[in-house]
Structure formats: structure tokens, C-alpha cells
Amino acid sequence: MIKRYITAALGLIATCYTVWYMHYGVPYKNSGALSKIGLEHYTAFVIWGVLTYTVLAVGIVLAYRRYTSTKAYIPLLALSLAGMVMTLAFPFDYDIKPDYYLHCTGSLVFSAATGITVFLLFVLCRNEGRVFRVFAIITGMILAADLVLLLIFKETGLIEALPIFAGYVMLGFTNMRREKIELTR
């Protein structure tokens, strides 16, 4: 029970930190991209990355352990971690092509692996309740919309942050959810 409250508090802290971090750029422009801001505010970017990965990973682990018996999340979270490490280790500097490409690859790997892990959780739990079916649909729509928006508008803070905020909220809600109690005579 206490783990769920700690996770919810961390999710709130991560949400507030992300909103604060995004104030350094214009969220709906390329200058507001989280990685772009990181070029000028590297320490804040690293804190954001570690906090974001930690909150999402802890939320994912708690939810998978509570609602499923599969361990499919373990390799996906390892891949997600590798992506975040690459994102933080290599600057988003277009003038240094190898670093730029490794950064972008890491960001894509982190986003895809984390998104797939969350989507898979809700698909696997779809028979546990309507909320899981709704979250699976919402997650799928967010992932598809995010991909389309990235292709159309390139990278902006809002396009990057939307799936992260959705993950904070849906995983937080999932982990704070009470068990159904059946009354019998």
C-alpha cells in the first residue's frame, strides 16, 4: 500500500518538474523540445531524464506485478533504460552528427519501448476491468497520434511530453486503484 502512495507522490513530483523544465522553451515549437532545452540546461535535463525513467519504470513494475504474471516488461524496461542512457549521454547537437544520431536513436528507443510496455500492460489486463480496455485504447491512440505529429511537426515539447504525462496519470491511477470487494452471504 505504501509503495502506491510513494509512486503517486513521485509521479506528481515528476509532473511538476517536467512542467517547470519545459518553461525554458516554447512547448509548441522546436525550441521547446526537451532535448533542445537540454543543450543549455544539461543538469536539469539529466534530472528530468532520471526522474522520468524512474517514475515510469516503478509504475510499470508495480502494475505488472499486481495485475499480470508475465515478465515481458523486464526486457522492455532494460531496452527503455538503454534508450534513456543514450538520450542523456549524447547531446542533441546537430553539429556533432554521431552524437546527434545516437541521441535521437536513444530517445526513440526509450519512447517506443516504454510506450509498448504500457500499452501491453493494458492489453494484457483488458479482462480485469473496463478501465484497462479504455486505457489500452487511449494509449494506442496517443502512440499513433504522437508518431503522426512527430512526422508532421518534428519535435516539440508538447508532442514529447504528452505520452509521458499520460503514462504518469494512467500508471498512477492503475497503481492507486482499489481492489474490487465482493460481498457474499
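# Exercises on helix packing and burial

The axes of helix 3 (residues 42-67) and helix 4 (residues 73-89) come within 10 Å and cross at roughly 175 degrees. The model is predicted: local features need pLDDT of at least 70, side-chain atom pairs count only at pLDDT 80 or more, and totals for chains, interfaces and linings use all residues. Residues are numbered from 1 along each chain as its sequence is written, and side-chain values use heavy atoms, with hydrogens and water left out.

**Exercise 1.** Determine how helix 3 and helix 4 are oriented to each other, and list the residues in contact.

*Solution.* Step 1: Two packed helices are described by the angle between their axes and the distance between the axes. Helices (H or I, at least four residues) are DSSP runs, numbered from the N terminus. Axes are lines fitted to C-alpha atoms, for helices over the stretch in contact, and angles run from 0 to 180 degrees between N-to-C directions.

Step 2: Angles under 35 degrees count as roughly parallel, over 145 as roughly antiparallel, 65 to 115 as roughly perpendicular and the rest as oblique. Helix 3 and helix 4 are therefore roughly antiparallel.

Step 3: On the side of helix 3, the contact (heavy atoms within 4.5 Å) is made by Y42, F45, V46, W48, G49, V50, Y53, A57, I60, V61, Y64 and R65. Helix 4 contributes Y73, L77, S80, L81, M84, T87, L88 and A89.

**Exercise 2.** Decide whether S80, L81 and Y64 are buried, partly exposed or exposed.

*Solution.* Step 1: Buried means under 20% relative accessible area, exposed over 50%, and partly exposed in between (1.4 Å probe, protein chains only).

Step 2: S80, in helix 4, has a relative accessible area of 0% and is therefore buried. Not counting residues up to four places away in sequence, S80 touches Y53, F110, A113 and T114.

Step 3: L81 also belongs to helix 4; its relative accessibility is 39%, so L81 counts as partly exposed. The C-alpha atoms of L81 and A113 are 9.0 Å apart, although 32 residues separate the two in sequence.

Step 4: Y64, which lies in helix 3, is buried because its relative accessible area is 0%. Leaving aside neighbours within four places in sequence, its contacts are T70, Y73, T117, L120, L121 and L124.

**Exercise 3.** State how far apart the C-alpha atoms are in the pairs V26 and L81, and F165 and T18.

*Solution.* Step 1: V26 is placed in the loop between helix 1 (2-22) and helix 2 (34-40). V26 and L81 are 55 residues apart in sequence, and their C-alpha atoms are 27 Å apart.

Step 2: F165 is in helix 7 (residues 157-176). F165 and T18 are 147 residues apart along the chain, with a C-alpha separation of 8.8 Å.

Step 3: Apart from neighbours within four places in sequence, F165 is in contact with T15, T18, V19 and M22. With a relative accessible area of 23%, F165 is partly exposed.

**Exercise 4.** Identify the residues that make the nonpolar surface patch of about 370 Å².

*Solution.* Step 1: The patch is made by V148, L149, I152 and F153.

Step 2: L149 is found in helix 6 (residues 130-153), and at 31% relative accessibility L149 counts as partly exposed.

Terms used
Patches are made of residues with over 30% relative accessible area and no salt bridge: like charges are joined within 9 Å, nonpolar side chains (Val, Leu, Ile, Met, Phe, Trp, Tyr) within 5 Å. Accessible areas come from the Shrake-Rupley method with a 1.4 Å probe; for residues, only the protein chains shown count as cover. A salt bridge is a side-chain nitrogen of Lys or Arg within 4 Å of a carboxyl oxygen of Asp or Glu. Helices (H or I, at least four residues) and strands (E, at least two) are DSSP runs, numbered from the N terminus.
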